[in-house]
Amino acid sequence: MLGPQEKNCPITHYRKSQNIVQDKRIWVTYKEGVYDITDFVIEHPGGDQILLAAGSSVEPFWMLYAVHNNPHVLQQLEALRIGNLSKQDSQHSLENMSDPYSSDPPRHAVLKPASVKPFNAETPPFLLVEQFITPNELFYVRNHLPVPQIDPETYELEVEVEGSNKTVLLTLDDLKKFPKHTITATIMCAGNRRSEMTKEKPVKGLNWGPAAVGNATWAGVRLRDVLKKSGINEDDKKWKHVQFEGVDFDPTGKTYGASIPFWKAIDKRGDVILAYEMNGSPIPRDHGFPIRVIVPGVVGARNVKWLGKITVSENESDSHWQQNDYKGFSPSTNWDTVDFSKSPAIQELPVISAICTPSANEVVKVQDGHILVKDLGYAWSGGGQKIVRVDVTVDGGNTWHIADLDCQDAAEPPQHWSWTLWSARIPIRSGIRNVEIWAKAVDSCYNTQPETFRNIWNLRGVLNNAYHRVPIKTQ
Ligand SMILES: Nc1nc2c(c(=O)[nH]1)N[C@H]1C(S)=C(S)[C@@H](COP(=O)(O)O)O[C@H]1N2
Ligand SMILES: [Mo]
């Protein structure tokens, strides 16, 4: 086997740029094989997750990032094999492995997973638009790592003010002593509707349909109150960001993390809460039990679950998910040219809508020359903007019909955090059997959706807000 000096090597020598300086070889093992992945890493500057396994077996990492454990990757790896472990060594590595997902919670059977380990699943679209408030057990789940097991009796949230040597520890009881604040807010994954963008040109990421989104009533304490109690002066210009860390972690001990701008965290009207309830119940384990930050109007990724630590800082979170993911790029940026440091992290999401029923190729009845679609879809805009109109067409935009906004919160912008559910009665010319319904929404800033994915395509498949188009058959 390879000596210990190689074992300690590689990660620190890796440079994430075009001019990689690589003075040591990087190897991993898989089952009994030993593989030299140095050239692979140099040629794939984005594919750095394999580096987590450098110097050891990739199996524990593939148990975490199960998407990489597929025939295509195995084939690539096979080409890099440089030797074999002794029988004893490979037996040893297998015995030391246990499934980090074995204590994940049970899930409702209607949540059809896009990936199981980590668990990711969206609500069936037709159920999504049945209710203004998405029931907890149907709410989409987006986990990057195993669900941590947290004992609420011993749980403590750490609040750090950078540079002050001061940390405050708050138990669940301490938190519940702050005034309770309740908001209804939509949470949406940046990758919602990615499956449509990827048809334009392949993108990397989970193949979400239109239902990686949900609307819930969240109750907890205002982040603003907790920060002020921790000695933060809201007018102090020094503070630029508030960072959050979950207690879910990868095999190197790195936790999930993200940050939001300080103004959003401290603003009276920002409504950021440390939530302990979701729709009147303790937050379910999949959604962040016992405490999760809810940042209304802001992309799902910043709504950190299983919150362990808050840091008030001059800097953004340095986590992978803040720095090297969840950012938008030009349609011409590819994996060779992408520079994550050049794009800002996504915060407020742009206006979006989706048709949830009928589904593609469903047969819809024509009555009195119209199709009547109840609970057709949802529309939402980030930044607390409200939906002011949803337009629908079945003739490629020659004529637009204004949808009925059936369900909408009374809150005014920029504190309108919930989605709008809408329906429409659309005239259909007689004899036409195949039609495509298109929908687009307009928000209270008069921002609207782009017509196609062509000019908003981005390599990570985020911000998928082109007109939603659903082909149906009429009868
Ligand atoms: N600690 C932690 N927080 C997290 C995540 C995670 O993996 N770990 N996923 C984020 C992402 S990308 C999204 S879209 C939302 C999903 O929230 P949900 O699972 O409650 O729907 O949680 C965010 N918060
Ligand atoms: Mo997400």
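Q: How far from an oxygen atom of ligand 1 is the side chain of His287?
A: An N or O atom in the side chain of His287 is placed 2.6 Å from an oxygen atom of ligand 1; a polar contact here is a pair of N or O atoms within 3.5 Å, where within protein one must be able to donate a hydrogen and the other to accept it, and residues adjacent in sequence count only if both atoms are side-chain atoms.

Q: What are the conventions?
A: This is a predicted model, in which local features need pLDDT of at least 70 and side-chain atom pairs count only at pLDDT 80 or more, while totals for chains, interfaces and linings use all residues; side-chain values use heavy atoms, and hydrogens and water are left out. Residues are numbered from 1 along each chain as its sequence is written, with chains lettered from A and ligands numbered from 1 in the order in which they are written.

Q: How many residues surround it, and which are closest?
A: There are 19 residues around ligand 1, with Tyr140, His144, Asp248, His287 and Lys305 the closest; a residue counts if one of its heavy atoms lies within 4 Å. At least two residues of this shell come from each of strand 6 (141-142) and strand 11 (241-249).

Q: Where does ligand 1 sit?
A: Ligand 1 is in the largest cavity, whose space amounts to about 240 Å³. Of its 20 lining residues, Arg142, Arg292, Gly300, Asn303 and Lys305 are the closest to the centre. By class, the lining has ten nonpolar, five polar and five charged residues.

Q: How many cavities of 30 Å³ or more are there?
A: The structure has three.

Q: Changing topic, which peptide bonds are cis?
A: One joins Lys117 and Pro118, with omega about 0°; Pro118 is in the loop between strand 4 (112-115) and strand 5 (120-122). Another runs from Pro413 to Pro414, with omega near 5°, and Pro414 belongs to the loop between strand 22 (404-407) and strand 23 (420-427).

Q: What is the phi of Tyr326?
A: Tyr326 has a positive phi of about 50°, although it is not a glycine.

Note on methods:
On a 1 Å grid over the protein atoms alone, a cavity is a set of points where a 1.4 Å probe fits but cannot get out, and a pocket is an open set with protein on both sides within 12 Å along at least five of seven lines; lining residues have an atom within 4 Å of a point. A molecule sits in a cavity or pocket if more than half of its atoms lie within 2 Å of its grid points. Helices (H or I, at least four residues) and strands (E, at least two) are DSSP runs, numbered from the N terminus. Grid points are joined across faces, edges and corners, and a volume is the space filled by probe spheres set on the points. Ala, Val, Leu, Ile, Met, Phe, Trp, Tyr, Cys and Pro count as nonpolar, Asp, Glu, Lys and Arg as charged, and the others, Gly among them, as polar.
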